[in-house]
Amino acid sequence: MSNVAGKAYAMNVVTPSNPKITWINRLVFMAARGVPSNLMGLLGLSLIHFARWVIIKPDQWPDLGQGKQTNLKNDYVLFCSNFNGTWDQYIDAFSDGIPNGLNLFWYSSIKYPLSIPITPFKNYITYNQIGNDYYYNATPGSAQRDIKSCIKVYDALLGLEKAHATQSAEEFQKTYNAALLNIQGDLGDPGFGPVASLDTERADVHRERYVREQQDTFDSVRNAAP
């Protein structure tokens, strides 16, 4: 069982919800989707990859061979998220970024203690969190900022490729310098993931082999050219 893949952590929290007031949560979720500015405190947290709240009714649980659930009296709120950093960092950032929003999102959850003070909130999440049997992450060695930096550098290279085909040497030099200045903060080493996961190490090994193969192919083509 592992909630960690490289730099990323996957969290799943299932909390029982009072069915008499679950409809209030549905309205809150609709308002959050309709007016995203209400979530600016959350959207500004660059460590978050994904976060979602889902309401599950008693008759909506999947039947995986165990039979339909017939003895459930509560609705349930499922919270799923992927983020960078440690569990504590994430909960602290969440509680500090949108404390009132969290209180609304878990409004109908039974025995929800509010997001502040932080210790009861962390205890609540701990007691209701479900560990992952398997967690797959397509880019285990990269955080959200790493991915954004790669995309920015890639776009800059495409722009330089087009400029090189049409500009003089003097013009291209200016274009190159401007592009380099724009992406200089995105050229750093992304660093290593947590020691708790070997996925990043394996990804680096496979990536190194791929890069070496590509370089060997390039060298062969270059040496064969007249």
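**Close-ups of a predicted model**

**View 1. Helix H3 packs against helix H5.** Here H3 (residues 87-97) and H5 (residues 118-128) pack at an angle of about 125 degrees, and their axes lie 11 Å apart. (Axes are lines fitted to C-alpha atoms, for helices over the stretch in contact, and angles run from 0 to 180 degrees between N-to-C directions.) H3 and H5 are therefore oblique to each other; under 35 degrees would count as roughly parallel, over 145 as roughly antiparallel, and 65 to 115 as roughly perpendicular, with the rest oblique. This is a predicted model, so to speak of local features takes pLDDT of at least 70, side-chain atom pairs count only at pLDDT 80 or more, and totals for chains, interfaces and linings use all residues. Residues are numbered from 1 along each chain as its sequence is written, and side-chain values use heavy atoms, leaving out hydrogens and water.

**View 2. Who touches whom between H3 and H5?** On the H3 side you'll find Trp87, Asp88, Ile91, Asp92 and Ser95, and on the H5 side Ile118, Phe121, Lys122, Ile125 and Thr126 (contact means heavy atoms within 4.5 Å). Sorted by class, this contact has 5 nonpolar, 2 polar and 3 charged residues.

**View 3. The chain around the helix pair.** Zoom out a bit and the chain has 8 helices and 4 strands (DSSP runs: H or I of at least four residues for helices, E of at least two for strands). Along the sequence, the pattern goes β-β-α-α-β-β-α-α-α-α-α-α. Of the 226 residues, 35% count as buried, meaning under 20% relative accessible area with a 1.4 Å probe, protein chains only.

How values were computed
Nonpolar A, V, L, I, M, F, W, Y, C, P; charged D, E, K, R; others polar. Buried < 20%, exposed > 50% of the residue type's maximum accessible area, 1.4 Å probe, protein only.
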